[in-house]
Amino acid sequence: MQRAIEGEAPPDSARPRPLLTGELLTLPYADGRAVTLLVLFGSERKKEGPGYGPCLVALDVDPRLVASDLDRARTARWLTRPFHPG
């Protein structure tokens, strides 16, 4: 808290890595379940657009299949509307 008040930047290890457009993520939640997310617009687009940060969408695909079939995951139906988690 003191560093934040004094304006010091947090160490690089405290910052999450940037998300890249087209990347697939697995987000775990209750009871060992998980959802697959597709990054529609990643951190590299920061200079363009309104600056909301990465844009994600949840996909209708089993996260266990993502590693073996990336094309299927990227063309899966959307479960939600796109959102900005930041």
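## A tour of the three-stranded sheet

The secondary structure of the protein chain comes to 3 helices and 3 strands, where helices (H or I, at least four residues) and strands (E, at least two) are DSSP runs numbered from the N terminus. Along the sequence these elements follow the pattern α-β-β-β-α-α. This is a predicted model, in which local features need pLDDT of at least 70 and side-chain atom pairs count only at pLDDT 80 or more, while totals for chains, interfaces and linings use all residues. Residues are numbered from 1 along each chain as its sequence is written, and side-chain values use heavy atoms, with hydrogens and water left out.

**Whole chain, coloured by confidence.** Begin with pLDDT, the predictor's confidence in each residue, from 0 to 100. Its mean over the protein chain is 75, and 67% of the residues reach 70 or more. Confidence is lowest in α1, at a mean of 55, and highest in strand β3 (residues 55–59), at 89. If you switch to a surface, the protein chain exposes about 6,700 Å², of which carbon and sulfur atoms supply 55%; accessible areas come from the Shrake-Rupley method with a 1.4 Å probe, and for residues only the protein chains shown count as cover. Of the 86 residues in the protein chain, 24% are buried, where buried means under 20% relative accessible area, exposed over 50%, and partly exposed in between. Among contacts (heavy atoms within 4.5 Å) between residues at least 6 apart in sequence, 37% join residues at least 24 apart.

**The sheet.** Next select the three strands, which form an open sheet in the order β1-β2-β3 with antiparallel pairing. β1 and β3 stand at the edges with a single partner strand each, so one side of each is left without a neighbour in the sheet. Neighbouring strands of this sheet are turned by 40 degrees against each other on average, direction ignored; the strand axes are lines fitted to C-alpha atoms, and angles run from 0 to 180 degrees between N-to-C directions. Two strands pair if DSSP finds at least two bridges between them, and here 6 bridges join β1 to β2, while β2 and β3 pair over 5 bridges.

**The β1-β2 hairpin.** Show Thr26 and Thr36, which are bridge partners, and then Tyr29, whose bridge partner in β2 is Arg33. The hairpin has 3 residues between its strands, and Asp31 takes a positive phi near 55 degrees there. Arg33 lies in strand β2 (residues 33–41) and, leaving aside neighbours within four places in sequence, is in contact with Leu27 and Pro28.

**Across to β3.** Return to Thr36, whose bridge partner in β3 is Leu59, and then find Leu37, which stands opposite Ala58. β3 is mostly covered, with 5 of its 5 residues buried. Cys55, Val57 and Leu59 point one way from the strand, and Leu56 and Ala58 the other way.

**Val39.** Now centre the view on Val39, which lies in strand β2 and counts as buried at 1% relative accessibility. Neighbours within four places in sequence aside, Val39 is in contact with Leu19, Leu20, Thr21, Gly22, Glu23, Leu25, Cys55 and Leu56. Leu20 is 19 residues away along the chain from Val39, yet their C-alpha atoms are separated by 6.7 Å.

**Glu23.** Finish with one of the contacts of Val39, namely Glu23, which lies in the loop between α1 (2–6) and β1 (24–29). Is Glu23 buried or exposed? Glu23 has a relative accessible area of 16% and is therefore buried. Its side chain reaches the backbone nitrogen of Leu20 at 3.0 Å, a polar contact being a pair of N or O atoms within 3.5 Å; within protein, one must be able to donate a hydrogen and the other to accept it, and residues adjacent in sequence count only if both atoms are side-chain atoms. Not counting residues up to four places away in sequence, Glu23 touches Arg17, Pro18, Leu37, Leu38 and Val39.

Terms used: Buried means under 20% relative accessible area, exposed over 50%, partly exposed in between (1.4 Å probe, protein chains only).
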